Amino acid sequence: MGKTFAEKVLARAAGVGETTAGMVVDVYPDLVMSHAASWRCIRTLEKLGVDRLYDPDRIAMVMDHTAPAHSAKTAADQKLCREFARAHGIRTFYDVEAGIAHVVLMENGHIRPGMVIIGTDSHSTIYGALGAAGTGVGFSEVTATWVAGYLWMRVPESIRIEIHGPLAWGTSAKDVMLKLIGEMGADGATYASVEFHGDYVAGLSVSERMTLCNLAMEMGAKFAFVPPDDVTRAYLAERGVTPDGYQEVQPDPDAVYAKTVALDGTSLSPQVACPHAVDNVQPIEAVAGTRVDQVFIGSCANAKYEDLAEAARILRGHHVAPGVRLIVTPASRGVLTRIVADGIFSALVEAGALITNPGCGACAGDGGVMADGEVTLSTANRNFQGRMGSYQASIYLASPAVAAATAIRGAIADPREFL
Amino acid sequence: MEVRGRCWKFGDNIPTDQIVRSDRALAPMEEIVRHVLETLNPAFAREVKPGDILVAGKHFGQSSGRAIAPKALRATGIGAVVVEYAARLFYRNCFEIGLPLLECPGITAGVEDGDVLAVDIAAGTIRNETRGRVFYARPVDPFLRRMLQAGGIIPLAAELAEE
């Protein structure tokens with residue numbers, strides 16, 4: 001009987017011959033990521049009274065959610081993390097200038113095909129963009145894994161999503177995912193490993209694969225996965241990771257899936273998730289004209305280089321509508337460096353954007369939150385009440401192209417009018 | 001492992017941001033606990049008593065995986081959370097911090113807010129004393145029951161280290 005990606009990758013990380021969906025195994029993750037919550041892990045470790053870590057080389061820390069610190073408490077938490085990393089020989093430590101943990105780790109060659117990664121962040125499914133199995137866990141569990149080296153995992157059932165392309169003009173991976181989430185529901189893939197297949201996915205950029213795998217969390221997924229191919233290998237090679245440094249895991253052609261879902265991307269239109277749920281999705285035609293106070297281009301879902309380039313392409317020659325705030329928060333220092341080098345930074349500023357330091361920004365309730373009654377159109381991955389400031393504010397989610405068009409109009413707008 | 005108390009009933013798809021407002025997540029627990037689920041039922045945090053049972057619908061605890069949500073629920077003194085089914089990360093976090101969670105498809109149709117429930121975690125039974133009905137939850141893995149008995153993964157790790 002054929003095996004899915006999840007069954008194979010967990011068998012390897014658990015050191016057992018084979019696994020089948022439903023089994024519970026002790027898994028040794030290749031990487032344990034903790035972000036802004038790292039200080040909670042350290043405090044928990046102090047309570048446990050243990051100081052010896054299983055393997056400091058399997059630990060990565062990135063200071064992202066509230067960076068740089070804007071309270072003495074956060075500053076002290078970050079200081080604690082810095083000192084802990086130094087004292088325990090944790091070499092994969094990125095400080096407040098680096099950006100969002102997921103993007104930073106992928107851009108810097110820490111994520112490789114076939115790895116199992118746990119992180120203190122629900123969007124850890126993003127690592128599937130490079131053929132790795134990533135999933136979120138709580139901070140106590142990260143602490144326990146720092147010490148024990150393993151944690152329990154139930155081998156998930158898998159859902160196969162077949163996407164037929166090329167995508168319709170004016171749409172992108174974000175529209176694909178919003179469409180899927182709208183159809184399958186916020187719990188449509190709960191506990192499941194979601195595998196993306198089909199001619200659209202083959203040859204797709206790593207940036208767009210990241211958007212697919214990131215948003216899979218919003219269907220409740222445990223893992224997301226895009227089969228590694230030449231695009232994956234080239235992305236890794238650019239970061240000095242050669243094929244002898246990893247082992248790709250591919251699902252068998254006769255693997256058993258809980259279900260298969262097909263999506264035809266050739267007739268897709270831009271999609272918008274409306275307040276206050278990610279699965280409350282409408283085609284752009286249904287919501288165009290809705291007034292906004294703010295547009296946010298940021299988050300691990302859509303603030304990569306390609307996302308900002310797409311926004312700049314639409315914004316060039318235009319200006320942000322009067323009274324509207326356009327806040328751009330690059331996902332990482334790497335992204336910031338690239339947009340400065342090739343003029344995208346200037347184009348965004350000239351169009352009226354406020355560009356913040358790299359990081360999670362407004363998506364984590366940091367700089368760029370809203371007052372009562374305000375409306376933001378955001379490229380992030382969540383629109384629950386209170387996600388960006390006031391519980392009496394509203395968030396719409398869409399692609400970078402929709403965000404750029406909306407900033408120009410001051411109301412939700414179809415990017416195809418500008419392309 | 002048996003608890004008995006008043007049923008507090010909530011709906012479907014409740015995100016962790018509604019269990020603990022994100023702008024309160026960094027406050028001390030004494031402060032957080034006074035506001036648990038405030039946007040959905042302001043009476044809950046005021047009136048909940050140790051041993052009460054929280055019942056909710058499908059996909060409870062979706063969205064951000066912050067463990068402060070189950071921690072705050074535990075701090076209210078509730079004896080158990082019984083849901084149609086939980087979001088994956090919330091499920092894990094409950095056991096990790098020692099808050100009993102049962103997944104019981106059909107539970108929301110069989111209980112109303114204010115009913116008196118008796119929950120046996122080990123047996124996985126929920127007895128509605130007000131209406132005289134019994135519900136059977138999905139079994140909890142033995143190693144997760146042990147984690148609950150220890151009070152969560154950190155006390156369990158300490159126990160295991162001593163053995």
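Let me start with one definition: a residue counts as buried if 20 or more other C-beta atoms lie within 10 Å of its own. Keep that in mind as we look at this structure, which is a predicted model.

First stop, chain B. Please find strand 2 of chain B, residues 53–60. How many of its eight residues are buried? Seven of them are, so strand 2 of chain B is largely enclosed by the rest of the structure.

Now let's look at its partners. On one side of our story is strand 1 of chain B, residues 2–9, which runs parallel to strand 2 of chain B and is joined to it by three bridges.

What do strand 2, helix 4 and strand 3 of chain B make together? They make a right-handed β-α-β unit, with helix 4 covering residues 68–75.

Second stop, chain A, and a pair of helices. Two packed helices are described by the angle between their axes and the distance between the axes. For helix 6 (residues 173–184) and helix 7 (residues 206–216) of chain A, the axes come within 8 Å and cross at roughly 20°. Angles under 35 degrees count as roughly parallel, and these two helices of chain A are therefore roughly parallel to each other. Their crossing is right-handed.

And who meets whom? Residues of helix 6 including Val176(A), Met177(A) and Ile181(A) meet a group in helix 7 that includes Thr211(A), Leu212(A) and Leu215(A).

How values were computed: Residues numbered from 1 in each chain as written. Chains lettered and ligands numbered in written order. Predicted model: local features only at pLDDT ≥ 70, side-chain atom pairs only at ≥ 80, totals over all residues. Buried ≥ 20, exposed ≤ 12 C-beta atoms within 10 Å, placed from the backbone. Helix = DSSP H or I, 4+ residues; strand = E, 2+ residues; numbered from the N terminus. Pairing = 2+ DSSP bridges. Right-handed = clockwise from strand over helix to strand, strands pointing away. Axes fitted to C-alpha atoms, helices over the stretch in contact; angles between N-to-C directions. Parallel < 35°, antiparallel > 145°, perpendicular 65-115°, else oblique. Left-handed = near helix turned anticlockwise from the far one by under 90°. Contact = placed C-beta atoms within 7 Å.
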